Amino acid sequence: MAKKSKKRNKNIQPPRIVNRDMLDKARGSSLLDIIIPVFKRIDLLKQCLAAIPEAADGIAYDIIIVDNGTPREDCEQFYSTLDNFKGITILRNKENIGFPKACNQGVKRKNAPLILLLNSDVILQPKSILGMVSKLDDPTVGVVGLKLLFPDNVGELNAKIRPAKCIQHIGMHTDIHADFKHIMVGWHEDNPRTQNWVDPYAITGACLMTRRSLWNKVGGLFEGYGHGTYEDVDFCLCIRELGLRVVLEHNTFGYHYTGATAETYKIQFPMIMNKMTFMSRWGAKLNYTEWMAL
Amino acid sequence: MSKIVWLSDTDFKSSGYFNITMPLCSELVSLGHEVKVVGFGYKGEEHYFPFSIIPANNLSDSLAVLQNLSILWKPDIAIVALDIWMHDNIMRSMQNRPFDYVGIMPVESDPLCLSWAMVMMQMQKSLVISEFGTQEAKKAGVTNVTHLPVGIDTNLWRVPTEDERKSLRTSFGLEESAFVVLTVADNQERKNLAASMQMFADFVYDHPHVSDTLIQELNLTPKVDAKYILITREFSMLGWKLRELAQEFGINNQMMLFERGVGFKELWSLYAIADVFLLTSKSEGLGMPILESMAVKLPTIATNCTGMAELLADNRGLLVDYDYVHRDPFGNGRRYWADITHGTSLLKGIRDKSLLPDVDAARKYVEGRTWKNAANVLESVLKEIEDGKEKQKTE
């Protein structure tokens with residue numbers, strides 16, 4: 001009898017459900033790699049790191065800090081205190097290589113099945129990582145974001161554009177001009193209108209979790225965006241093209257200072273150039289979505 | 001129950017259409033309909049209304065959103081609350097629209113020109129916000145027109161107590177003896193703010209046709225301790241240079257100018273501290289500020305024409321005669337110019353209490369114009385359209 005030829009299924013297989021306990025016990029390795037690009041603002045990085053254990057609530061993780069050229073005098077002392085911590089790796093770049101490249105660099109360093117990109121000015125709240133990981137138990141989900149609020153006290157940052165404990169991020173959608181916008185920024189968290197939890201079109205790279213298998217498939221963040229902006233939306237659209245969902249974990253949340261480094265050090269991003277790059281990649285495929293979420 | 005897309009001007013800094021859209025859409029939701037509002041001028045401000053408001057910067061964005069919704073959400077009906085000429089633009093752009101079209105609009109002057117009447121005739125139903133406007137539409141041959149009696153929330157717009165009035169006047173730095181005239185109107189030609197300001201100046205100086213020149217020549221001094229509160233859009237491209245006009249009329253020291261978009265509490269407070277409300281528009285589709293004034297039992301003076309005459313009839317307010325009428329390019333409508341002398345005499349009459357409108361009757365009239373009533377009219381229109389479609393199917 002002739003052997004049946006096994007045709008390779010060239011379609012992407014839905015990822016297996018990740019059983020956290022099984023993985024932790026059997027492999028003794030981390031479930032999650034947390035990549036934190038940093039440029040100065042070590043004060044915020046300290047807060048960010050301090051919040052992670054409670055946010056993870058038992059999930060095994062490694063942290064990869066990718067330092068983008070922070071002057072040694074600003075960070076050496078703090079980094080030296082991290083040397084004795086198992087599970088924290090620090091990659092030092094001589095200059096600021098930008099957010100997309102730094103993330104790609106950090107992801108390559110380790111091998112956990114799940115990846116979390118985390119801005120250094122995001123302070124995760126208890127069980128938020130657990131909540132995001134749980135969302136990825138659903139094999140139809142490719143990317144998970146997190147509800148983010150402005151913190152209570154933003155120090156010397158402009159408080160007028162960061163209303164305390166109000167919404168900073170519950171997803172991004174396109175307006176009638178196909179421009180991506182954060183919806184309901186500055187709205188009160190308990191406003192019933194913010195509870196309409198439709199899947200966002202995209203989520204922010206300030207707190208983005210995905211599977212390494214998908215990351216590798218897509219090729220990570222597109223480095224054509226230079227220092228950054230649009231790379232998170234681009235990644236989400238790549239995941240959507242694979243037939244997977246982008247979702248938001250909204251039962252927990254994090255505080256996000258939002259642009260703390262950029263505002264403190266007056267860093268500008270090539271928004272117009274990046275928008276042109278983005279539109280050349282995705283312009284013909286965008287849908288109008290904000291009407292569903294508002 | 002229906003899926004309704006509502007398109008209107010929803011500028012949160014306050015537009016007349018905003019004041020109509022929000023309560024009516026809330027009532028429609030409470031009646032079980034699903035409502036999405038396409039907000040022309042809406043900038044994403046936080047709100048707690050039980051329906052979505054989708055931003056649209058301008059009319060063409062609004063049309064684009066409407067067209068997208070017609071494909072993506074498939075509404076049963078579009079209710080569009082805008083000026084007639086905008087309805088014309090919208091219906092031309094969506095000639096093969098897959099939903100029924102109900103228009104809500106003011107008819108702000110008489111007569112209704114034929115081309116605008118024809119716009120109304122193309123709708124499944126047209127709803128006009130004043131009885132005056134409804135009659136003008138019928139005179140022009142529109143048969144699908146109904147009066148939509150829009151109102152205000154009289155629980156919110158309550159009558160201030162004497163204590164509240166006193167303490168608010170103190171907080172605004174007003175003496176108890178000061179006579180406060182209030183005008184709430186946009187800074188545009190039709191609102192004729194120059195006439196109100198002239199009337200106030202003539203009232204204060206007790207002299208006709210007051211100007212800075214006359215004040216100097218005749219050494220005029222104010223005869224009355226009075227204030228003029230004006231809530232408007234100070235910097236309007238086609239509006240008056242209000243502070244210069246105040247200077248010219250010699251009322252710079254008396255005028256208190258507030259930019260439109262004040263919060264409700266502050267707005268109510270300004271009505272509460274006033275002694276009289278004055279509106280000298282050349283025509284009005286209705287005049288929501290007049291309803292607000294009537295609701296707080298503030299004596300109200302307005303030009304004796306169009307929607308204003310309807311609201312203040314039967315001594316519910318005092319009507320200023322007009323001394324000139326002309327035909328305006330906007331819809332060929334008549335514009336009525338308030339008689340300054342007569343208006344000034346009415347201000348005097350209110351002050352010396354020789355002329356007092358029936359403010360109790362005014363309040364009662366406004367209480368009868370509830371949003372529930374207006375929503376019921378709208379609901380019956382929707383039902384009529386639905387029944388018409390059912391009848392067509394069976395035939």
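**Notes on cavities, a pocket and the interface**

1. Two cavities of 30 Å³ or more are counted. The model is a predicted one, so every value here is computed from predicted coordinates.

2. The largest cavity holds about 140 Å³ of space. Its lining consists of 15 residues, and those closest to the centre are Ile84(B), Pro106(B), Glu108(B), Trp116(B) and Phe330(B). By class, nine residues of this lining are nonpolar, three are polar and three are charged.

3. The second largest cavity has about 70 Å³ of space. Residues of chain A line this cavity: Ile170(A), His173(A), Ile183(A), Met184(A), Arg193(A), Thr194(A), Asn196(A), Trp197(A), Val198(A), Pro200(A), Leu248(A) and Ala293(A). The lining divides into eight nonpolar residues, three polar and one charged.

4. The second largest pocket contains about 1200 Å³ of space. Of the 40 residues in its lining, Asn119(A), Thr229(A), Gly259(A), Ala262(A) and Phe269(A) are the closest to the centre. The class count for this lining is 16 nonpolar, 16 polar and eight charged.

5. Which elements of chain A each supply at least two residues of that pocket's lining? They are strand 1 (32-38), strand 9 (180-182), helix 7 (231-241), helix 8 (260-264) and helix 9 (271-282). Helix 8 of chain A gives the largest share, with four residues.

6. On the interface, 13 residues of chain A are in contact with 22 residues of chain B. The size of an interface is often expressed as the accessible area lost when the parts come together. Between chain A and chain B the buried area is about 1400 Å², and carbon and sulfur atoms give 59% of this. Trp187(A), Arg193(A) and Trp291(A) together supply 44% of the area that chain A buries against chain B, more than any other three residues.

7. The side of chain A that touches chain B comprises six nonpolar, four polar and three charged residues. How many salt bridges are there between chain A and chain B? The count is zero. Polar contacts between chain A and chain B come to eight residue pairs, with both residues at pLDDT 80 or more.

Notes:
Residues are numbered from 1 along each chain as its sequence is written. Chains are lettered from A and ligands numbered from 1 in the order in which they are written. This is a predicted model: local features need pLDDT of at least 70, side-chain atom pairs count only at pLDDT 80 or more; totals for chains, interfaces and linings use all residues. Side-chain values use heavy atoms; hydrogens and water are left out. Contact means heavy atoms within 4.5 Å. Buried area is the accessible area (1.4 Å probe) that two parts lose on being put together, summed over both. A salt bridge is a side-chain nitrogen of Lys or Arg within 4 Å of a carboxyl oxygen of Asp or Glu. A polar contact is a pair of N or O atoms within 3.5 Å; within protein, one must be able to donate a hydrogen and the other to accept it, and residues adjacent in sequence count only if both atoms are side-chain atoms. Ala, Val, Leu, Ile, Met, Phe, Trp, Tyr, Cys and Pro count as nonpolar, Asp, Glu, Lys and Arg as charged, and the others, Gly among them, as polar. On a 1 Å grid over the protein atoms alone, a cavity is a set of points where a 1.4 Å probe fits but cannot get out, and a pocket is an open set with protein on both sides within 12 Å along at least five of seven lines; lining residues have an atom within 4 Å of a point. Grid points are joined across faces, edges and corners, and a volume is the space filled by probe spheres set on the points.
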